[in-house]
Amino acid sequence: MTKTILGLSGSLRAASLNAALLRAATTLAPEDMTIDIGTIRGVPLYDGDLEASEGLPEQVVTLQRQLEKADGLLLVTPEYNNGIPGVFKNAIDWMSRGDGLSLFAGKPVAVIGASPGPFGTLLSQDQWLSVLRTLRTRPYLIGRVLLTRAHQAFDENGKLMDERATKSLTEMLAGFSKSLD
């Protein structure tokens with residue numbers, strides 16, 4: 001049986017290293033896993049007044065529907081100033097609104113990331129754990145993909161060329177897939 005994973009990149013940049021890592025994940029996923037790429041683009045800053053007057057924005061509803069259909073969630077996180085990117089956290093916060101919190105409860109979630117720096121996204125990934133705990137998800141904690149110096153790992157077309165990174169991502173995705181059984 002094929003498992004469907006919702007993959008979200010936490011960067012809005014067109015040439016994002018994390019979007020490239022997510023695209024690589026779609027090609028390296030095991031045969032029993034399909035990664036559907038969603039987008040946080042278009043999610044407004046959270047505003048309780050906006051939610052009260054207009055309800056959930058269309059892009060948030062779309063993300064919630066994608067999450068509801070998915071067997072798991074793959075967060076591909078950048079690290080900005082040693083932490084979770086605001087736009088990414090904001091999108092997840094919006095997704096938890098309305099009936100959204102129930103969509104996260106028990107959902108398997110893996111977190112990976114890419115950075116041009118020497119430490120990858122270590123701090124950002126660690127900070128996601130408290131958020132995932134609050135959302136009552138089931139974090140996948142075996143194996144980490146902390147792609148350091150990521151600007152050197154991809155070719156000019158955004159294809160992952162680094163053998164070690166490819167192996168690490170392939171192994172993590174295989175383990176994540178097995179954890180869904």
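Predicted model: local features only at pLDDT ≥ 70, side-chain atom pairs only at ≥ 80, totals over all residues.
**Exercise 1. The annotated domain**

Task: Find which residues the UniProt domain annotation covers, and describe that span.

Solution: 
- Next, look at the make-up of residues 5-148, which are 41% helix and 18% strand.

**Exercise 2. Strand β1 and its partners**

Task: Work out which strands pair with β1, and in what sense they run.

Solution: 
- Locate β1 at residues 3-9 and check its cover: 6 of its 7 residues are buried, so the strand is mostly covered.
- Take β2, residues 33-37, as one partner; this strand runs parallel to β1, and 5 bridges join the two.
- To place that pairing in the model, find T4, which stands opposite T34 in β2.
- Now turn to β3, residues 72-76, which also pairs with β1 in the parallel sense, over 5 bridges.
- Here the residues to look for are S9 and, opposite it, V76 in β3.
- To finish, follow the chain through β1, helix α1 (residues 17-28) and β2: together they make a β-α-β unit, and the unit is right-handed.

**Exercise 3. A glutamate in a helix**

Task: Decide whether E51 is buried or exposed, and list its contacts beyond four places in sequence.

Solution: 
- First find E51 in helix α2, which spans residues 48-54.
- Then read its relative accessible area, 16%. Buried means under 20%, so E51 is buried.
- Leaving aside neighbours within four places in sequence, E51 is in contact with Y46, L56, W94, R97 and G98.

**Exercise 4. Two arginines with positive phi**

Task: Describe the phi, the place and the exposure of R136, then do likewise for R149.

Solution: 
- Begin with the background: most residues other than glycine have a negative phi.
- Against that, R136 has a positive phi, near 60°.
- Its place is the loop between α6 (122-134) and β5 (138-139).
- With a relative accessible area of 47%, R136 is partly exposed.
- R149 also has a positive phi, near 45°.
- R149 sits in the loop that links β6 (146-147) and α7 (163-179).
- Its relative accessible area is 41%, so R149 is partly exposed.

Definitions and conventions:
Residues numbered from 1 in each chain as written. Heavy atoms only, no water. Helix = DSSP H or I, 4+ residues; strand = E, 2+ residues; numbered from the N terminus. Buried < 20%, exposed > 50% of the residue type's maximum accessible area, 1.4 Å probe, protein only. Contact = heavy atoms within 4.5 Å. Pairing = 2+ DSSP bridges. Right-handed = clockwise from strand over helix to strand, strands pointing away.
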